[in-house]
Amino acid sequence: MEAQVGHIVISLAGRDKERLFYVLKTEENFVYLADGKLRRIENCKKKRRRHVRVVGSSQSYVGEKLRSGKEVLNSEMRKALLEFLKTHLQAEGGNLLG
């Protein structure tokens, strides 16, 4: 699945490997990521598309706000990623990397 704005992705390479992020913006070969903690919205991470994998097309309020262009707070992003992680770990048995 191609990463789009509002999707939750996991980093596959680099120092932030195995961390969850929201996609803030997309370009041809790059995505811009933030998690609200390590990478805040003001200082998002530019990463190659091949170095991330979509783990969820977020139906959360944060994903909807990102897609509609509304302002998202770092604290909202942190809470939503934590919720996603908790539910995913319970449902899938804890394996995000597949």
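Start with helix α2. Select residues 74-92: helix α2 gives the most to the lining of the largest pocket, with four residues. Helices here are DSSP runs of H or I with at least four residues, strands are runs of E with at least two, and both are numbered from the N terminus. This is a predicted model, in which local features need pLDDT of at least 70 and side-chain atom pairs count only at pLDDT 80 or more, while totals for chains, interfaces and linings use all residues. Residues are numbered from 1 along each chain as its sequence is written, and side-chain values use heavy atoms, with hydrogens and water left out.

**Stop 1: the largest pocket**

Rolling a probe the size of a water molecule over the atoms shows where empty space is left. A pocket is an open set of points on a 1 Å grid over the protein atoms alone, where a 1.4 Å probe fits, with protein on both sides within 12 Å along at least five of seven lines; lining residues have an atom within 4 Å of a point. The largest pocket holds about 250 Å³ of space. Now select R19, L20, L81, L82 and L85: of the 10 lining residues, these are the closest to its centre. Volume here means the space filled by probe spheres set on the points, with grid points joined across faces, edges and corners. Colour the lining by class, and you get five nonpolar, no polar and five charged residues. Nonpolar covers Ala, Val, Leu, Ile, Met, Phe, Trp, Tyr, Cys and Pro; charged covers Asp, Glu, Lys and Arg; the others, Gly among them, are polar.

**Stop 2: the nonpolar cores**

A nonpolar core is a set of buried Ala, Val, Leu, Ile, Met, Phe, Trp, Tyr and Cys residues joined through side-chain atoms within 4.5 Å. Buried means under 20% relative accessible area, exposed over 50%, and partly exposed in between, with a 1.4 Å probe and protein chains only. Select I8, L20, Y22 and M77. Of the 14 residues in the largest core, these touch the most other members. Two or more residues come from each of β1 (8-11), β2 (20-26), α1 (61-68) and α2. Helix α2 gives the most to this core, with four residues. Apart from it lies another core of eight residues, including F21, V31, L33 and V54.

**Stop 3: L81**

Click L81, in helix α2. Is L81 buried or exposed? L81 is buried, because its relative accessible area is 7%. Contact means heavy atoms within 4.5 Å. Beyond its neighbours within four places in sequence, L81 is in contact with I8, L20, F21, Y22 and D35.

**Stop 4: D35**

D35 has a relative accessible area of 4%, so it counts as buried. Show its polar side-chain atoms. One lies 2.9 Å from the backbone nitrogen of K37. The side chain of D35 also reaches the backbone nitrogen of L38, at 3.0 Å. Not counting residues up to four places away in sequence, D35 touches R19, L20, F21, M77, R78 and L81.

**Stop 5: R40**

Move to R40, in the loop between β3 and β4. R40 is partly exposed, because its relative accessibility is 37%. Leaving aside neighbours within four places in sequence, R40 contacts A34, N74 and R78. Draw a line between the C-alpha atoms of R40 and M77: they are separated by 9.2 Å, though 37 residues apart along the chain.

**Last stop: E18**

Finish at E18, in the loop between β1 and β2. What is the phi of E18? It is positive, about 70 degrees, although E18 is not a glycine. E18 has 48% relative accessibility, so it counts as partly exposed.

Definitions and conventions. A polar contact is a pair of N or O atoms within 3.5 Å; within protein, one must be able to donate a hydrogen and the other to accept it, and residues adjacent in sequence count only if both atoms are side-chain atoms.
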